[in-house]
Amino acid sequence: MVKILHKILEFLFPPACPLCDTPVSTHGELCAACWTEINWIENPKCVKCGYPFPADLDLGGTPLCPVCASDMCELDWIRSACVYDDASRGAMLPFKHGGRIQYARFMSRAMMWALRDVKIDADIIMPVPLATRRLFKRGYNQATLLARPIARATGIKIDHDSVRRKYREDMGHKSARERAENIRGVFSVVRPDRIRGKKILLVDDVMTSGATFSELRRVLIRAGAVAVYGITFCRVVRAI
Ligand SMILES: [Zn+2]
Ligand SMILES: [Zn+2]
């Protein structure tokens, strides 16, 4: 019965690429053209923060970027599915600000793929919290939409209310330093009992300077977390 219903629905709403409406074989999948547009992060990359290196660079078995080599990356590891550029922005902006929540499907699947080379031993999956005021305005936390399918696929519990976030003005075009200052003190752990002794995988849509992850990690470690990892759909890649 469910199968017949499924067939009828497929007939009425044939699967189409969420970005360009080209017919595809499965709901939520990107078409080949959109897929190749996106700059997916492959090897070689920094084993710690996932920073992508040029494809022809041979850095041996465990390449580290200069930031991680000088021990400045605070998370235990970070992975991102793709580079933040014109192509991924074309998906990110409607997803984050235009209610295109159906994009979470291909985005979270790409994020699972990006996690393939790390050991996922997290006890908790935590979407980066949104300030209540922003949550009401937007109607959803995009990080939660990405975290849910990852929690389902890995069988790890999701936690979206142990940490709260204060409202601050948007950090749109600020420098890394200004972002770090602006984010300082916005997070507070309201349920330390759920954090103590835990390994936590943070989920966000985009990593810009890494300031959000660093600040959230700081309060989680202070509350007794033992490891903090990060996964995002895309990340800003600056020349280093
Ligand atoms: Zn497409
Ligand atoms: Zn690195």
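Six residues of domain 1 are in contact with seven residues of domain 2, where contact means that the C-beta atoms of two residues, placed from the backbone, lie within 7 Å. This is a predicted model, in which local features need pLDDT of at least 70 and side-chain atom pairs count only at pLDDT 80 or more, while totals for chains, interfaces and linings use all residues. Residues are numbered from 1 along each chain as its sequence is written, and chains are lettered from A and ligands numbered from 1 in the order in which they are written.

**Domains**

- The domain assignment gives domain 1 as residues 1-37 and domain 2 as residues 44-235, with bounds that come from an automatic or database domain assignment.
- The C-alpha centres of domain 1 and domain 2 lie 28 Å apart.

**Helix 4**

- Helix 4 covers residues 86-97 and reaches 16 Å from its first C-alpha to its last, close to the 16 Å expected at 1.5 Å a residue; the expected span is 1.5 Å times one less than the number of residues.
- Helices (H or I, at least four residues) and strands (E, at least two) are DSSP runs, numbered from the N terminus.
- Ser88, Ala91, Met92 and Phe95 of helix 4 are buried, a term for residues with 20 or more other C-beta atoms within 10 Å of their own C-beta, whereas exposed residues have 12 or fewer and partly exposed ones fall in between, with C-beta atoms placed from the backbone.
- The face turned away from the buried side of helix 4 carries the exposed residues Asp86, Arg89, Leu93 and His97.
- The buried residues of helix 4 pack against strand 1 (77-83), helix 7 (142-154), strand 6 (199-207) and strand 7 (227-235).
- Gly99, whose phi is positive, near 75°, follows helix 4.

**Strand 7 and its partners**

- Eight of the nine residues of strand 7 are buried, so that this strand is mostly covered.
- Strand 7 runs parallel to strand 1, to which six bridges join it, and two strands pair if DSSP finds at least two bridges between them.
- Strand 7 also runs parallel to strand 6, with eight bridges joining the two, and Thr232 in strand 7 is the bridge partner of Asp204.
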